[in-house]
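Let's take a friendly walk through this model together. Please have the viewer open and follow along as we go.

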Amino acid sequence: MKEMFLLVILSCTIIGSMAVNRCDRTPDRPLKPKNTEEIDKYIIEISGDPSSYIAGDTYTVILRYNPSMEGIHMFKDFMLTVEKENIQIESDEIQRVGYFNLTTNDKLSTFSRKCENTILQTNSVPKSSIQVYWIAPPTGSGCIAFRATVVETRENWFSDDGSLTKVLCEELSENENVQPPILDECCACEEAKYELVFEGLWTRNTHPKDYPSNIWYTKFGDIVGASHANDESFWQYESYASENLRALGENGDTSGVETELKEKMGKTVRTIIKANGLRYPNITGKTFTFFRVDSKHHLVSFVTKIIPSPDWILGVSSFELCLKDCSWVEQRILNLYPWDIGTNDGISYNSMNEPATESKKIDRIKTDNPESPFYNPEEKDMKPFAKIYLNRLKIYQQICESPETTVPSDVTTEEGVGGECETTPWSEWTSCSEKCGEGFIFRKRRLLNPANEDICTEKLVEHDKCFGKRCKNQHNSNLLSAEDPKCELDNWGEWSSCSVSCGKGTFTRDRKFLHPEFAAQCENNDPTILQQNEECKDEGTDCPTDNHKEAECSDNWSPWSPCNVTCGTGIKTRLRLPDRGDNINEDTESECSNIEEVKCYEPLCGGEDSTGSSYGDIPSLNQVTTDIIFSQPFGPVANCKVSEWSVWGPCELNEGKCGKGYKTQHRQILQHAMNGGKACPRKLMRKKGCIIPCHQEKPHYYSTSTTMEETIGTNFSEPTETTTEESIDCIMKPWSSWSPCSHSCGGSAVQQRTRSIERPARKNGKPCGPRLQQRDCPLPIACSDKGVPIM
């Protein structure tokens, strides 16, 4: 059946980066413009009417006629998209907006093959509503928007207006501008592993005053820092900068800080933190790194230089990750603002080098100086330059016994103290630290006479592992009984393939809710009820095994994930977990196979139903919900994704204005590997040598009737030499086509084109011309303060 929509991807491309695609939801060949008079005729609803979303939770999204209007209204075609509330044209990061999930019985909806994160109709049968599940994106994804187009006829259709756009923002319980207080002591027994995500926010739109004219040189320098103890931080707010911090703040040189931290490894420093910086055109992207903390080293500090600037940095000093209840922070978000380290008196990005006559304390830059690029006469808060996301990835169980204490000869042991080391009874075990997946519980007791704590060795805190099973709609406590008709289960599905090719493995099968829209409200929504596992021995063959290695590998597995297709043959996965009560050893974990796969068999695609349309040879109902195999409740299993290599940057000299230097190109990690996925490549930057001759041509300018075009002179020929030998002129390859405009609105958009050197100049030959040309884009459309076109 012919689709009603012609799906066109509007490519908003920036030079040398991945495009952000936005789907055009205009119907195919409409006879009239969209209806803007009855904008509330159709609405987008989210079950429970939440005011915000919780990362990873599942929600029911409904597109329907407005019940407050008279009569029942029907529509034939629709398109429902989830996207960022404000798509940043300058950003090349992956758009984390969660994903839709269709039910097996859904015959009205299918996934668009041309637009990301979009569903549409399978046929043009009149319908009054459709619904789909939406899994919310991970922490730190910000605000997202559901937008829909509804088509009654080619003459009457609606799109995006009124209630056909619904915005949800992530539920945040912490102030993103305030650090938690530092604890004198951390009582956590376990160690924890964290991911630090640094996201750049600095653009011409967010901080327009005196923004650097050469955008190619705007960047955040390499990040350096550490997880450390209370008495160690290589920089502190409102204190004086060290020489190493001065070198970083003024010149971007991280080597001194890094050497300083290496000398303290194993003492007051646990993990040295390093991450690549961000540079234009990826300055609003993200960069990642990882670190570990323990009860002694429970703080984290890091810095990065703002480039260009006199001595300005971003960073955090002594950020506390330990909680008073002896657990670790699960996730925190913090806005970053510029700090002046007080060693240079420059007040603007490109100020001349003006060393301070007297060093000042590190101070957060304010908005009250009229000469400053951050001056704001209305005294509004400065917008953040960047944002960090601290996400706890893993807990490492440790033996929490107190160390043996040598008791002085004049002090008796506990047994002879006569009750001086008597304790209170143990408290009740706490609730599991994780509502979904593996966590921990603990209980405490205390000495009746705290003054004797130095001579008593009684254990005062005990920890154990636990497993949270409430993995959907954790905030909903009004669960339906398993006997409720809404919670009725279907028959068992087919058994999967065996999980091993030889030896003993596992068969698995599932059963599903007949009314999946109520599954999250049912008390029988539990893997132990919805899944059966039985032992299998594939083909009766035995495997040669390393008995010692097998003994070290845990036999504790997560439940199998749902099948990753809605019909036909797909894949299920499960993850190996540490045994309860065992310490976690990363070296042992790496030797074990931590993920298993089996084939799963859903009903054949299409079947006897003739309403489903198809694309080519792929039935429309055979839709993999995502390229991630969702392994509830342990998170997605995903391979690493990296961007394409950027264009080579300008030639950067080690010193002076001409001579030998180097150029770099970068690629970014768009998505880190999760839960057993393919790891990311280690090489994210490439360098090559370049030469800027000391007799460089001046930039040339020439104009046309509509644009001013600038040729950027970057001469890459060898330095001229005096010789009698035959000279060889440079030969350049033809120019490439002009790139798309770097913005869709405003007066700062540019186009570029490049060419390469076919043969370099030799022996005093004619030097090579410019390799890059840039010209203004004639865009009459103005930009809003959010950088989007004003139509």
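A disulfide, as the term is used here, is a pair of cysteine sulfur atoms within 2.5 Å. The protein chain has an average pLDDT of 75, and 71% of its residues score at least 70. Where pLDDT is low, the predicted coordinates should not be read in detail.

Now to the cysteines. The count comes to seven disulfides by the distance rule, and three of them are followed here, including the link between Cys187 and Cys326, whose sulfur atoms are 2.0 Å apart. The torsion about that S-S bond is about -105°, so this disulfide is left-handed. Cys187 sits in the loop between β13 (165-170) and β14 (191-200), and Cys326 in the loop between β21 (312-320) and β22 (331-336), so the pair ties together parts that are 139 residues apart in sequence.

Move on to Cys487 and Cys522, which form a disulfide with their sulfur atoms 2.0 Å apart. Its S-S torsion is about -90°, so this link is left-handed. Cys487 lies in the loop between β27 (461-469) and β28 (504-510), while Cys522 lies in the loop between β28 and α4 (527-530), so parts 35 residues apart in sequence are tied together. Cys487 is buried, with 1% relative accessibility, and Cys522 is buried as well, at 0%.

What is the handedness of the link between Cys498 and Cys536? This disulfide has an S to S distance of 2.0 Å, and with 85° about the S-S bond it is right-handed. The pair links distant parts of the chain, 38 residues apart: Cys498 is in the loop between β27 and β28, and Cys536 is in strand β29 (residues 531-537). Cys498 is buried at 13% relative accessible area, and Cys536 is buried at 5%.

Gln773 lies in strand β47, which covers residues 772-776. Is Gln773 buried or exposed? Gln773 counts as buried, because its relative accessibility is 6%, under the 20% cut-off. The side chain of Gln773 makes a polar contact with the side chain of Arg753, at 2.7 Å.

Note on methods:
Residues numbered from 1 in each chain as written. Predicted model: local features only at pLDDT ≥ 70, side-chain atom pairs only at ≥ 80, totals over all residues. Heavy atoms only, no water. pLDDT = per-residue confidence, 0-100. Helix = DSSP H or I, 4+ residues; strand = E, 2+ residues; numbered from the N terminus. Buried < 20%, exposed > 50% of the residue type's maximum accessible area, 1.4 Å probe, protein only. Polar contact = N/O pair within 3.5 Å; in protein donor to acceptor, adjacent residues only side chain to side chain.
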